[in-house]
Amino acid sequence: MNASFDPSPEAEERQQLYLQDLGYQCAVLEEELRTVAETLSAAQRAVIEEYIAFRDTMEVESIRAAIRFGERRARKEMNNR
């Protein structure tokens, strides 16, 4: 039953490529935001920088949550053996 939750190697590879592409797209957009911010007032630039900082924090917290989920799942799997 639990095996149905395990993705195939092909699905994992597609997911990894998708995540890499998203990361690249985010980096490109962030660089564009920083370039545009250079032409803005200090207050407007601060808003963009604050957004980027919050987004970075959200990304880190999302990764931490995913790790905790994986750890819980692994412990559950070990207990079910």
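Is L19 buried, partly exposed or exposed? I opened my notebook with this question. The model I consulted is a predicted one. I found a relative accessibility of 45% for L19, which therefore counts as partly exposed.

**Entry on the surface patch**

I next looked up where L19 sits, and I located L19 in helix α1, which covers residues 9-37. I then noted that L19 belongs to a nonpolar patch on the surface, together with Y18 and L22. For these three residues together I recorded about 280 Å² of accessible area.

**Entry on salt bridges**

How many salt bridges does a search of the whole structure find? I noted 5 salt bridges. As background, I wrote down that side chains of opposite charge can pair when their charged atoms come close.

**Entry on R34 and E30**

I looked up R34 and found its side chain in a salt bridge with that of E30, at 2.9 Å from N to O. Both residues lie in helix α1, and because they are 4 residues apart there, about one helical turn separates them. I checked the cover of each partner. R34 has a relative accessible area of 30% and is partly exposed.

**Entry on R34 and E49**

Which side chain meets that of E49 in a salt bridge? I found that of R34, with 2.9 Å from N to O. Here the partners belong to two helices: E49 lies in helix α2 (residues 42-80) and R34 in helix α1, so the pair ties together parts that are 15 residues apart in sequence. For E49 I recorded 34% relative accessibility, which counts as partly exposed.

**Entry on R64 and E61**

I then turned to another pair in helix α2. The side chains of R64 and E61 meet in a salt bridge, again listed at 2.9 Å from N to O. I noted that R64 and E61 are 3 residues apart in helix α2, and therefore about one helical turn separates them. R64 is partly exposed at 44% relative accessible area, and E61 is partly exposed at 36%.

**Entry on the network**

Key
Residues are numbered from 1 along each chain as its sequence is written. This is a predicted model: local features need pLDDT of at least 70, side-chain atom pairs count only at pLDDT 80 or more; totals for chains, interfaces and linings use all residues. Side-chain values use heavy atoms; hydrogens and water are left out. Patches are made of residues with over 30% relative accessible area and no salt bridge: like charges are joined within 9 Å, nonpolar side chains (Val, Leu, Ile, Met, Phe, Trp, Tyr) within 5 Å. Accessible areas come from the Shrake-Rupley method with a 1.4 Å probe; for residues, only the protein chains shown count as cover. A salt bridge is a side-chain nitrogen of Lys or Arg within 4 Å of a carboxyl oxygen of Asp or Glu. Buried means under 20% relative accessible area, exposed over 50%, partly exposed in between (1.4 Å probe, protein chains only).
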